[in-house]
Number of protein chains: 2
Amino acid sequence: MLECYSRKALVVDLSSKRVKTEEISEGICRNLIGGKGFGAHFLMESEANLSPYDPEAPIVLAAGPAVGLDFPAASRIGCFFKSPLTGFFGESYCGGYLGPELKKAGLDAMVVVGKAEKPSYVLVEDGEAEVRSAEHLWGLDCFKAEEVIKEECGKGAQVACIGPAGENLVRFACISHDTGRQLGRCGGGAVMGAKRLKAIAVKGSGEVEANDPDRLRKLRDEIVERVKKTHGALMKYGTPAISVLTNASGALPTKYWTDGSIDWFEDISPDRVAEKYFKKRSCYLCPIGCRHYSRVGGVEVEGPEYETWFALGSLCLAKDVETIVKANEVCDRLGLDTITAGNVVAFTMYLLEKGLISREEVGVEISFDKPEGMLELLPRIAYRKGFGMVLAEGVKRASEIIGRGAEALAVHVKGLEPPGYEPRVLKGMALGYAVSSRGACHLRHMSYRPNLTGQHPFNPDVKVDRSSYMQAEMVAEQESFYALVDSMILCKFYSLPTIGPILWRELADLYTAATGVEATPKELAKAGERITTLARLYSVREGLRKKDDHFTPRVYSEPVGKGPAQGESLDREKFTKMLEDYYRIRGWPDGVPSREKLAELGLEGYL
Amino acid sequence: MLECYSRKALVVDLSSKRVKTEEISEGICRNLIGGKGFGAHFLMESEANLSPYDPEAPIVLAAGPAVGLDFPAASRIGCFFKSPLTGFFGESYCGGYLGPELKKAGLDAMVVVGKAEKPSYVLVEDGEAEVRSAEHLWGLDCFKAEEVIKEECGKGAQVACIGPAGENLVRFACISHDTGRQLGRCGGGAVMGAKRLKAIAVKGSGEVEANDPDRLRKLRDEIVERVKKTHGALMKYGTPAISVLTNASGALPTKYWTDGSIDWFEDISPDRVAEKYFKKRSCYLCPIGCRHYSRVGGVEVEGPEYETWFALGSLCLAKDVETIVKANEVCDRLGLDTITAGNVVAFTMYLLEKGLISREEVGVEISFDKPEGMLELLPRIAYRKGFGMVLAEGVKRASEIIGRGAEALAVHVKGLEPPGYEPRVLKGMALGYAVSSRGACHLRHMSYRPNLTGQHPFNPDVKVDRSSYMQAEMVAEQESFYALVDSMILCKFYSLPTIGPILWRELADLYTAATGVEATPKELAKAGERITTLARLYSVREGLRKKDDHFTPRVYSEPVGKGPAQGESLDREKFTKMLEDYYRIRGWPDGVPSREKLAELGLEGYL
């Protein structure tokens with residue numbers, strides 16, 4: 001039996017092919033929990049100011065103390081690196097089976113440095129690792145590569161791999177797992193590509209046990225019961241269920257951040273998407289099973305998830321499920337993050353409509369009236385052909401390369417393109433986008449949910465006004481909470497704001513059952529604050545300043561168009577005040593963690 | 001009468017339109033001399049890790065103690081900024097009349113920060129400054145803009161302005177002065193563009209006097225006499241005279257760094273270029289007058305200089321003077337640095353020939369057989385249209401955007417494209433390229449000359465073997481010497497290796513005559529070392545590491561093609577050893593100035 005902490009990180013140097021085991025001290029486990037906390041620790045250990053593609057730049061896979069236990073939500077793994085999109089803290093997470101497998105292999109984390117001379121993959125097996133040739137795999141799409149690697153590595157191997165987009169250093173290349181799960185955002189696939197690392201395969205034969213299995217079992221049974229009562233829509237529709245809320249409130253990003261809802265919602269509604277479902281799957285031990293597979297013509301793909309649905313759908317004015325599903329498959333196979341992919345495609349259409357770029361420059365027949373052109377454009381991005389090479393840089397860099405004033409029209413924070421929640425309508429979400437460690441992100445704070453439902457995430461008696469600029473405290477608390485969730489690591493669908501079922505109390509219960517360490521919600525909140533601050537400290541070291549916690553000019557200057565929230569806008573001055581509230585709460589004067597705050601959190605050693 | 005140091009820097013904030021005068025202390029004048037030394041000082045004073053385009057990022061114009069005196073070579077001005085090409089110390093220099101005018105206006109330096117709300121220019125007049133609208137000038141080419149500004153500002157105004165390339169943030173946009181002089185390299189024009197600063201105009205009514213006018217006059221007469229004897233080729237042909245040496249030794253970069261000489265040299269030889277000359281001009285007080293103007297058809301342009309001649313000529317296989325002169329004019333008017341422009345054009349042809357990119361992607365009929373296509377491609381770069389938007393990023397970033405292995409084929413150091421001297425043939429030059437503060441640069445050390453002539457720059461008894469890897473000491477001494485020349489600031493044609501006439505002794509003489517401070521050549525060498533180290537310290541602060549002191553893989557793996565030096569190559573291992581020798585001499589272990597060295601040089605205060 002393995003304990004919930006193995007205290008071991010495997011360090012693989014692709015340049016020298018050397019593998020060593022590094023101890024993760026008890027102090028680090030206590031203070032930084034796992035997952036995101038470990039990721040921030042290992043990034044802080046790396047040299048400052050490296051290019052994301054520098055051989056010395058590490059890419060970290062980390063599980064957490066909950067991962068691999070006999071518990072739903074314990075399916076996840078996190079990946080940490082310097083983001084090729086933002087140049088700051090990069091992180092992405094996915095479910096499936098990779099996290100539990102890493103734990104079963106006796107590891108809490110894995111750090112890959114160096115650059116392989118030739119395409120390679122790493123096989124990790126019960127605490128050992130081997131660098132293998134991937135020359136025969138280079139060029140294969142994600143699904144095919146995973147299939148071949150699983151055959152080569154034998155039964156039970158869990159695989160994270162990249163597709164052509166990662167090989168070609170597309171800055172928003174994802175890392176694919178289990179034919180449809182992705183470590184999606186921030187460009188981890190490009191970091192692997194720069195290392196000539198096609199894949200990481202993991203096999204573990206151990207079983208991970210909680211410190212108090214009985215207490216864990218009791219909590220699990222309670223959680224599973226509650227989930228069955230509250231998570232029906234997610235079970236039935238998967239994530240597209242969210243679209244009903246966003247469209248109705250006018251917060252559904254449409255026509256590249258022009259409008260806030262679509263009047264052809266019925267055509268791509270969750271019911272219409274569900275018609276294409278032909279299979280449902282679960283991540284490791286999960287009774288929800290939000291994973292739905294769709295089939296359109298010859299195409300079969302996991303999803304579309306809500307984020308894919310919005311990015312390749314409403315944002316591009318794609319009015320039929322077929323186009324969305326097909327584009328989803330292209331992205332998944334080639335290894336493109338669908339959120340950024342949808343953003344760059346829609347941005348192209350938007351600039352064409354504005355007359356800033358020409359049809360000749362783009363080289364593909366595409367427009368808001370002809371969104372199916374994306375099926376031709378997306379492969380050009382993955383292979384960096386023609387205009388695709390510009391879009392492969394993400395909207396921030398693409399807008400700079402295009403020039404002509406495009407920078408002010410692109411929508412992103414720190415270079416990361418936003419997911420499917422309109423920041424001009426949901427002001428708490430806007431703050432979350434602005435301060436989130438990885439750029440415009442919904443998952444580091446989940447503020448869209450209290451903003452859409454009006455319910456406070458942790459206090460049912462408090463009503464949340466989505467248009468208020470007084471949400472800094474709520475966003476900060478959520479951020480600390482989800483930093484902890486991302487460090488344990490748990491699936492957020494078990495920690496939905498308001499309905500949980502895993503909120504502060506349950507999280508403390510789970511932490512203690514898993515580790516044997518008693519901890520109050522307050523102590524855990526401090527850990528969440530610590531982890532959030534350490535990730536910030538890393539980005540500050542890499543050049544982040546408070547001016548980076550802002551949107552591009554268009555988001556402040558242009559109100560939302562069509563829809564129930566028409567005319568709503570984000571006031572730069574009020575928003576800046578909200579940011580200042582946030583810095584004050586965090587102890588980050590001018591956006592930079594103060595020495596006092598670092599000392600209070602026990603992080604001085606990282607300075 | 002003004003003294004050779006006014007001890008005044010004018011600081012103009014374009015955001016607030018506030019202007020203030022800052023004192024330059026006596027200590028800074030003593031230790032950092034002027035020009036490059038002042039530039040490094042002001043950059044170190046700015047916040048770390050700013051984007052080159054950040055409003056807070058300063059752009060500095062600085063003269064030196066020799067500038068504006070009644071002395072030839074005293075015509076120059078330096079410009080300092082964080083380079084959009086390299087992300088490190090950016091510097092460029094030009095002759096003409098701007099430097100002397102700044103001194104006559106009672107200023108040693110001018111620092112511009114902030115970002116104008118609307119296109120603006122700054123008029124400096126006798127120590128005061130005014131921010132004026134440039135809305136009517138935005139879009140004008142460099143020549144036209146200068147003409148209009150001179151009309152507006154009245155008699156005697158000296159102007160530095162940008163063209164469309166700078167406005168469009170082309171990363172190698174230059175700053176133009178006096179219809180044909182350029183602060184050319186490193187992208188200062190883009191930094192001005194990002195500030196919406198179309199131009200700086202300067203008017204001064206003072207006269208600058210040396211501390212010891214008699215001593216200065218004596219030195220001047222001696223220098224002028226000597227120049228007349230040794231600088232005949234430069235007087236007659238201008239800089240293209242250099243081509244005879246490079247072509248004969250096989251060190252003339254040809255066909256995008258494939259070959260080392262051209263067998264159609266006669267077609268574009270200095271004599272053939274000289275046939276197009278119709279006018280000759282001098283910078284401030286200069287008896288050499290290397291400035292030649294060429295006329296081809298309706299086109300009249302200053303130059304082509306040797307660097308333009310090589311970059312738009314042999315590097316692109318352009319076999320006629322007409323194409324070179326026309327392309328020269330396009331670059332000068334639009335505000336493109338011709339060295340980088342030639343490199344990106346030739347790189348395009350090279351990738352087309354290799355089949356890595358397609359005719360459709362480039363959008364222009366261009367090849368080594370059809371180099372005149374550059375006349376269509378260059379404006380597309382300046383306006384960031386089509387493939388031009390990719391090339392506008394410079395070869396390093398363009399190669400990354402293109403992908404497909406192009407990175408390894410691009411030739412640059414730190415993102416700056418090399419001028420017209422083959423590093424595989426001239427090993428001292430190679431070291432100079434590698435360590436030069438601004439990236440692949442010939443002017444920070446002038447090593448091409450001892451490498452081409454075999455004569456030691458300061459010791460006529462020592463022979464220099466261009467293929468030796470034991471040149472670190474010579475390069476370091478030259479670098480310190482020219483750091484001083486760039487701080488005084490003097491024209492390098494008065495400080496040519498071996499023939500001078502201004503070498504260490506004369507430099508010390510000039511320094512003392514100008515400032516009244518007695519200094520031995522040894523003390524001046526220490527100042528040169530100090531300035532070189534401070535510029536390095538700035539770049540290290542911005543992320544420079546010794547791995548950045550290297551060429552791209554192709555330079556090590558591919559020997560020189562056709563020509564007298566065919567088959568010569570740069571051995572990575574031996575070259576790395578030469579780099580280590582250099583770091584040892586400099587006191588920069590691992591490429592980073594040590595605390596001991598900084599203390600020795602009195603630079604600890606900058607840490």
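A residue counts as buried when its relative accessible area is under 20%, as exposed when over 50%, and as partly exposed in between (1.4 Å probe, protein chains only). By this rule Tyr5(B) is buried, because its relative accessible area is 15%. The model is predicted, so local features need pLDDT of at least 70 and side-chain atom pairs count only at pLDDT 80 or more, while totals for chains, interfaces and linings use all residues. Residues are numbered from 1 along each chain as its sequence is written, chains are lettered from A and ligands numbered from 1 in the order in which they are written, and side-chain values use heavy atoms, with hydrogens and water left out.

Tyr582(A) is buried, and Tyr583(A) is buried as well. Aromatic pairs were then examined. Rings of Phe, Tyr and Trp (its six-membered ring) pair if their centres lie within 6.5 Å; planes under 30 degrees apart are stacked, over 60 edge-to-face, and the rest tilted. Over all chains, the structure holds 46 such pairs. The pair of Tyr582(A) and Tyr583(A) is edge-to-face, because the ring centres are 6.2 Å apart and the planes stand at 70 degrees. Tyr5(B) pairs with Phe38(B) in a tilted arrangement, at 6.4 Å centre to centre and 40 degrees between the planes. This pair links distant parts of the chain, 33 residues apart. Tyr5(B) lies in the segment before strand 1 (8-13) of chain B, and Phe38(B) in helix 2 (residues 35-45) of chain B. Helices (H or I, at least four residues) and strands (E, at least two) are DSSP runs, numbered from the N terminus. Phe38(B) has a relative accessible area of 1%, so Phe38(B) is buried. One aromatic cluster includes Trp257(A), Phe265(A) and Tyr306(A).

The interface was treated next. In chain A, 26 residues are in contact (heavy atoms within 4.5 Å) with 26 residues of chain B. The buried area is the accessible area (1.4 Å probe) that two parts lose on being put together, summed over both. Between chain A and chain B it is about 1800 Å², and carbon and sulfur atoms give 52% of this. Asn49(A), Met389(A) and Ile401(A) supply 30% of the area that chain A buries against chain B, more than any other three residues.

The rule finds four salt bridges across the interface of chain A and chain B. A salt bridge is a side-chain nitrogen of Lys or Arg within 4 Å of a carboxyl oxygen of Asp or Glu. Asp54(B) and Lys547(A) meet in a salt bridge through their side chains, at 3.3 Å from N to O.
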